[in-house]
Amino acid sequence: MFFAGPRHPIFQTMMCLLPLLIYGMERIINGNSFLTFSLIVAYSAISSWYCLYINSVIMAIYFGVYFVFPRNDFGFRKTIKLAGKLLSAYLLGISLSSIILIPSIIAFFNSGRHTSTIITDSLFY
């Protein structure tokens with residue numbers, strides 16, 4: 001991974017942002033401010049929405065494992081309340097980055113790479 005970094009720097013960004021996202025989650029779980037998590041989610045969405053998608057899946061797995069193997073006395077109600085806080089902080093980060101994220105997603109869905117048909121405007125291929 002470290003040798004392929006100069007060739008594919010987007011994956012190094014993903015690798016650097018995941019620990020920061022986990023740190024933001026831990027701050028919310030410990031009762032601290034959600035601002036760190038929201039800002040890191042916003043930066044991750046601005047830099048690459050694919051990396052945010054993959055990191056979100058990993059964060060969901062981390063959250064599930066964190067509460068399946070409890071090292072604390074969280075009950076079901078507190079777990080649901082924390083999940084709501086995390087989701088609201090996540091959506092705040094998405095909304096902060098929406099001015100860049102939404103046009104990027106619209107451009108992807110309107111490109112020829114998304115469709116299953118081949119779009120050719122040239123006679124050479």
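This is a predicted model: local features need pLDDT of at least 70, side-chain atom pairs count only at pLDDT 80 or more; totals for chains, interfaces and linings use all residues.
View 1. Apart from neighbours within four places in sequence, Asn 55 is in contact with Met 14, Leu 17, Leu 18, Leu 21 and Ser 44. Asn 55 itself belongs to helix α3, which covers residues 49-68. Is Asn 55 buried or exposed? With a relative accessibility of 1%, Asn 55 counts as buried, because the cut-off for a buried residue is under 20%.

**View 2. Helix α2 along its length.** Helix α2 spans residues 35-47 and contains 13 residues. From the first C-alpha to the last, helix α2 reaches 18 Å, close to the 18 Å expected at 1.5 Å a residue.

**View 3. The buried residues of helix α2.** Which residues of α2 are buried? They are Phe 37, Ser 38, Ile 40, Val 41, Ala 42, Ser 44 and Ala 45. Ser 44, one of these buried residues, is also among the contacts of Asn 55. In an α-helix there are 3.6 residues a turn, so residues three or four places apart point the same way. The buried residues of α2 pack against α1 (9-29), α3, α4 (76-96) and α5 (98-109).

**View 4. The protein as the setting of these close-ups.** The protein has five helices and zero strands, and its pattern along the sequence reads α-α-α-α-α. Of its 125 residues, 27% are buried. Among contacts with a separation of 6 or more, 63% join residues 24 or more positions apart. The accessible surface of the protein is about 8,900 Å², and carbon and sulfur atoms account for 69% of that area.

How values were computed: Residues are numbered from 1 along each chain as its sequence is written. Side-chain values use heavy atoms; hydrogens and water are left out. Helices (H or I, at least four residues) and strands (E, at least two) are DSSP runs, numbered from the N terminus. Buried means under 20% relative accessible area, exposed over 50%, partly exposed in between (1.4 Å probe, protein chains only). Contact means heavy atoms within 4.5 Å. Accessible areas come from the Shrake-Rupley method with a 1.4 Å probe; for residues, only the protein chains shown count as cover. The expected span of a helix is 1.5 Å times one less than its number of residues.
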